[in-house]
Amino acid sequence: MKFIINLSRILAGLVFVFSGFVKAIDPMGSAIKFEEYFMAFHTEFFVFLALPLAILLSAFELMIGLNLLARIRMRFTAWLLLLFMTFFLVLTFILALGNPVSDCGCFGDAIKLTNWQTFGKNVIIYIPALIVFFNRKNYKTVAIPFTEWYLTGVNFIFPVLISIFSLIHQPVIDFRPYKPGVNITESMTLPENAPVDQYKTIFIYERNGEKKEFGENNIPWQDSTWKWVETRQTLISKGAVAPIHDFSITRLRGEDITDSVLNDEGYTFLIISHEIEKAGNKPMLTLNNLASRAKELGYKTFCLTASTTDHVEQFTQEFNPAFEICTTDGTTLKTIIRSNPGLMVLHKGTILAKWNYRDAPEPHELDKDFMKTLLRHQNVSSETASVMFIILIAGLFYSLFFMVFIRRE
């Protein structure tokens, strides 16, 4: 029995640590998911809470997970665990029934689950959560109360700091389809043998006021007494979806230039601003200076936005940008770069690098070997990701350290 109790604690802890971490490194992605929830449930007036809720959710999840692994404040943690699991068990059941949002976002962009898969996962995790809760008094404390509460606070603040860092820069680990090194054209194409959507077709016919369903193999096409009413199609199995399936660039006058941009032999700079009216003058001035220098060197620069024509015209009149403004789907832009604005560099459709505007190269850096500049900036991002990952591992080990070596007072 003791083995089952500890196994339940460790299993629940690992799930919560993973779930909290993948949300903490991409708080804007979680905020977007919260916005989808608010829109689906017609509570748009809560949209302003999306980002704070995203940060708090990841912090609580990671804190619960680390506390469980380190056996810290088990009575308090067990109550939080049960409340979390009960709430999300009910929520995911409602989502599975109505399917207002296709992906719950419980594991961020790291793992995509359908609503029914998410509900099934929660049912499974609910079992160890109950075991932990009903045995919460049987876990021995590992330190004096002050130390355990101190560690609980550290476990909560740790993911908050990760989220703030990711907001200022970019997610330290990128699970999205628009990662450096990805060729957008190839990612938009499926293999020839890729599975496609399978549908079941039902034909509704009527005779003498009676309606009847027929399959494709028994349509009463030779019996003129039957009159066709309607045709219904039901999805039986979902086919493969290309990793990138919604990327397009359209000029303001309506011309699609996606292919020409992706096939450009040179470097192409894409300023990403899903709401150009909220990008801010200083960030746009920084990127405009970069675009001006890129233009002098023969590189093309486009600004991709989902803003309305009125906002674009107002921005153009006030700013007189050195780049052409084009339109792209807003969700796609938020997926490419979480910041507003940000910068992405392409070469023959391949993503070479992307940054929050704060980390973008300086204009003078384009005068040097540009490929070295890109690699240097990308290496800095990779090093940052590695450092943050090491910090997570260190957090796990320090929890285990206190669990093993600190004795009760």
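This is a predicted model: local features need pLDDT of at least 70, side-chain atom pairs count only at pLDDT 80 or more; totals for chains, interfaces and linings use all residues.
Phe38 counts as buried, at 11% relative accessibility. In total, 22 aromatic pairs were counted. The rings of Phe38 and Phe46 have their centres 6.0 Å apart and their planes at 50 degrees, so this pair is tilted.

Tyr267 and Tyr299 form an edge-to-face pair. Their centres are 5.3 Å apart, with 85 degrees between the planes. Tyr267 belongs to strand β5, whereas Tyr299 sits in the loop between α9 (281-296) and β6 (300-305). The pair therefore ties together parts that are 32 residues apart in sequence. Tyr267 is buried, with a relative accessible area of 16%.

Tyr267 also takes part in strand pairing: its bridge partner in β8 is His347. Strand β5 (residues 267-272) and β8 run antiparallel and are joined by six bridges. Strand β8 (residues 342-347) is mostly covered, with five of its six residues buried. β8 also pairs with strand β9 (residues 350-356), again in the antiparallel sense and over six bridges. The hairpin of β8 and β9 has two residues between the strands. There, Lys348 takes a positive phi near 55 degrees.

Other ring contacts were found. Ring pairs link Phe16, Phe60, Phe84, Phe87, Phe88 and Phe156 into a cluster. A charged residue also meets a ring: Arg136 lies over the face of Phe133, at 4.1 Å from the ring centre.

Note on methods: Residues are numbered from 1 along each chain as its sequence is written. Side-chain values use heavy atoms; hydrogens and water are left out. Buried means under 20% relative accessible area, exposed over 50%, partly exposed in between (1.4 Å probe, protein chains only). Helices (H or I, at least four residues) and strands (E, at least two) are DSSP runs, numbered from the N terminus. Two strands pair if DSSP finds at least two bridges between them. Rings of Phe, Tyr and Trp (its six-membered ring) pair if their centres lie within 6.5 Å; planes under 30 degrees apart count as stacked, over 60 as edge-to-face and the rest as tilted. A charge sits over a ring if NZ of Lys or CZ of Arg is within 6 Å of the ring centre and within 35 degrees of the ring normal.
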